[in-house]
Amino acid sequence: MTSEKLLSVENLRVLFNTRNGQTVAVENLSFSLEAGKVLGIVGESGSGKSVACYALMGLIPSPPGKIETGRALFHGKDLLQMSEAELRHTRGHKIAMIFQDPMTSLNPYMRIADQLIEVLLQHKKITKRAAREKSITALMEVGIQDAAKRIDEYPHQFSGGMRQRVMIAMALLAEPEILIADEPTTALDVTVQAQILALIKGLQKNHNLAVIFITHDLGVAAQMADDVLVMEKGRLVEQGTTETIFKNPTQDYTKKLLNAVLTSAKPVNSFAKRDEAPLLEVKNLQVGYASHSGSFFSRVKKFTRGVDNVNIRLYRGEILGLVGESGSGKSTLGRSIIRLIDAQSGELIFNGKNLLDLSPANLTDMRRDIQMIFQDPYASLNPRMTVFDTLAEPLLVHGLATQATVLDQVNELMDDVGLDRRFIRKYPHEFSGGQRQRIAIARAISLKPKLIVADEPVSALDVTIRAQILALLLELTQKHNLTMLFISHDMSVVRYLCDRVVVMQKGRLVEEGETEKLFSAPEQEYTRQLLAAIPTL
Amino acid sequence: MLLFILKRVLQAIPVLLLVATVTFFMVRAAPGGPFDKDRAIPPEVMTQLNKRYHLDDPLWKQYLDYMSNVVRGDFGPSFKYASHTVTELISAGMPPTLELSLYAILFALLVGLPTGILAAIKQNTLLDYVPMSTAMIGICLPTFVLGPILLLVFGIWLGWLPVAGWGQSPGDKILPSITLGSVYAAYIARICRGGMLEILSQDYIRTARAKGLSTARIVLVHALRGGITPVISFLGPAIAGLLAGSFVVESIFQVPGLGRFYVMAAFNRDYTMILGCTILFAFLIILFNLLADIVQVWLNPKLRQELNARG
Amino acid sequence: MTANIPKVDLPLLEKGSSLSQDAIARLRRNKVGMASFYFLLLLILIAAVTPWIAPYTYDAQNLALGAAPPSADHWLGTDTLGRDQLTRIMYGSRVSLMVGFIATAVALTIGVLWGAIAGFLGGRVDAVMMRIVDALYALPFTIFIILLTVIFGSSMLLLFLAIGAVEWLTMARIVRGQVLTIKRQEFVEAAISMGLSPWRIISRHLIPNVLGPVIVYTTLTIPSVILLESFLSFLGLGIQPPASSWGSLISGGVETMEEYPWLLIFPGLVLTMTLFSLNFLGDGLRDALDPRASKD
């Protein structure tokens, strides 16, 4: 393959005018893309990786966005200087894009057929009938079964992975030279992610496409890219071949990112007491939703089984990982343990008592002993309460603190989770995502609970922050001798944190075992699939 | 879809019955009979009158008689205009009111929709600010202020258009229609802008732009269907408002429509007329809410499919 | 509401700014919104002290003068009976504003309670309560109010109740929707899992977060109530002479607008400006309280 520069970007600088003045989204960025190669752009949120690519496509809303300087040469013409008409001719025709969230990226009001055909009608001299034929072929190529029939369906009739396939087919319809993929698998389940990555890789080879692959996930970048470009806060940190970046990174930030990738097993073992009676025993638990399906005007009751006959034992002092994809019932199980959802049948023996039999009054007492950490640190803190109020409330309500001691206790909690004591009078919106999650953790441990249910507590966080929060959780469980049910979709996180793992699929328990044993010798096919889907460096 | 429509129609019937019943008993509970106002009527004439209008029957019988008549489209004789039945009066007043409402809503849509769409596309420019400020004024200028002002300016001072009547001289339908429609034009413009802005920020609009489609196609094909949904759900209540607004407009411009009859009936305590009109208005409002609901479902492929799946 | 959280004397550390403080700061930057706010404040003040500062009494006639255009003695002119229009508009604002505020208070009370109960309890109770609201929505309320005033005569009390009874429906829907959204937020689930009492969850976690939209909608309800009252008075079904409201003044102005246009223009102007200010203030509050604007 000749190394021909297809696209070269020089000194790109993008600004955003905000309420509080200008912020630089991309600063002095230069890179080039060769024909038939995959360039991975890696960075955390706010690194400017997506903004840079949107700027090339003229997709930055302006105002507030503004491309201040730079050139982007594509076939000798500067994309940034093109007229709207020229850009339109390029977009979707020469350079196509796919996006992160396939659920919202297709127009829900239009049939798939119309959305595909319009690309061809816009860019090629072609009849409607021929465009339709071509679209059906494209759908077949991305692996949509029965494409001739399904092309006339609406997006909501497709699953998330299928919609991303449709997006890919749509992007490649006009035979572009460059495909820009913006986190195309982030919103998908791990096993689906593996399929979509393989599909993109295959199509890239077949069509000799140049691909810009934007991702926050180093594992995905390693698997997909020939060259990698690392960005932080709008600036280029380091670029080179995938091999050099991953084997011999020169910059501290790159090293930090690589260290945040969890390839190792759990560093220390907990003091799990397996010989004692379990702290929590889930027996034959059935949880279902009675949903009024459809809409307000028809009250058809639909019963969906979220958790189907599950048995789990959780021993004192251990961290049990609960793994599964979306729809596996893992969150439903977690929520039914803290009685946010009512179970239909079964038993939840906690500390010798069945939680499902407790009267409301006894339940209130029991709540002290089981606490939860939620996924979204933006939603899990009351936006109208200061950190002090948030942390003091449970202490005072349960009588664990008096007016005289509460300030000291809150300060101690702040120390515990590594937050500055000076911030206790601030409100949640004044903190970053990682800091908010620390506050939520402080709230959960404030009552000195016997059990913590953590529902995907790190999935909304950037990789480097994620590593810090995981380290904090590990430290706290050791220090306070906590027992934790850790719910996650991410196998590598589970491997880092948990002593034992339970795998769930479609509401049922698939496999359970010691973490290392399960990872090295999985017994079930589904577990093997999950493990195979972890991208490795 | 058919089942859904049938279901909604069936749900509307009890509401209509409720309206009719409540209105009937409210009117009957009113202090004083319909003939009290007239100069002292001799008792024997009073008895005659009561007998003629079946006011001497027991209340439950009056109610059942009335309801069964209403179902057959007979609203009984007018108390005020003894020679006419309410049904006759209503059929005389109905066409102008419906025509006026139709013109008003057409005016509102023709002005409101393009303004709203344009303001959304040109957000934060003069094409957004100026029409939207004007729309705010439109909302704050009540019909009974706007009507007289328009009449004064175009009818009297400039003398361009007739000041009163309906279908009697050329152009006499213009001022009433604009007066009645302008508030709704303003609302529709604002609602449409909001709806379009919401849709234009969706991911699938970004997809459409990335496909290289023209702005016109993005707006008209991709955004419009979702963007006007809130406007359609507003049309139901808007029609109810239009009917109420027609009271004022018909009074100001002396349009011989139902709204004017209703207000006159209210002053004259013409009970059968009030009853008839109230039931009719309720019927119309429920009907238009129903239509708005149906159109909204029909525009949304997901809802539509769910309904079809259920039969 | 903060009954069992004792006030702790916190050292003067880095002080955060709460969402409401941010919102007020944003509102202060909104020039149109603030202008509207001060205009309304002035209007309310004038209406409150009208009996002491009005230049004439509202029913003092001067038949010799008749309808006169604005002059030094009568800034806004006089009506056909020679009554001072400024005075009558000032007294009219007392009626219009009072109806606006009291009827809105009625609507607010019923709507918030109804919506909050339906949203918080959920399930069957919610379904039934909202079905009732849906059914009432389909009723032709303007017509009902006319009917009521015809049958029972027009009294202020009836106006308050009737208008309040119409306007609570939307309030109930908004509050319910908001409560349902907040209820599903994880911080409320966290509060439940911490074993806080339902009352505490409602008062400390739900209500403060529902308040924003309620304030906005209240501000926007007042003008529609004032409009409804003016509408009724215009038709002659509201406030009865010799008392005046803006609607009845406009109605009188329309009759004589060819000869004495100022009798239509001034009351129309005051009414329109008031509605304008309330709507702009409502819009300004909505922008200021919009949580999307304050996220990051």
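In this predicted model, helix α10 of chain B, which covers residues 229-253, has 25 residues and reaches 34 Å from its first C-alpha to its last, a span close to the 36 Å expected at 1.5 Å a residue. Is α10(B) mostly covered or mostly open? Of the 25 residues in α10(B), 19 are buried, and the helix is therefore described as mostly covered, buried being under 20% relative accessible area. After the helix comes Gln254(B), a residue whose phi is positive, near 50 degrees.

Turning to the chain as a whole, chain B holds 13 helices and zero strands, and the pattern read along its sequence is accordingly one α after another. Among the contacts in chain B between residues at least 6 apart in sequence, 72% join residues at least 24 apart.

The table gathers some overall values for the chain.

| Property of chain B | Value |
|---|---|
| Box filled by the C-alpha atoms, along the principal axes | roughly 85 × 60 × 30 Å |
| Buried share of the 311 residues | 48% |
| Accessible surface | about 13,900 Å² |
| Share of the accessible surface belonging to carbon and sulfur atoms | 68% |

Notes:
Residues are numbered from 1 along each chain as its sequence is written. Chains are lettered from A and ligands numbered from 1 in the order in which they are written. This is a predicted model: local features need pLDDT of at least 70, side-chain atom pairs count only at pLDDT 80 or more; totals for chains, interfaces and linings use all residues. Side-chain values use heavy atoms; hydrogens and water are left out. Helices (H or I, at least four residues) and strands (E, at least two) are DSSP runs, numbered from the N terminus. Buried means under 20% relative accessible area, exposed over 50%, partly exposed in between (1.4 Å probe, protein chains only). Contact means heavy atoms within 4.5 Å. Accessible areas come from the Shrake-Rupley method with a 1.4 Å probe; for residues, only the protein chains shown count as cover. The expected span of a helix is 1.5 Å times one less than its number of residues.
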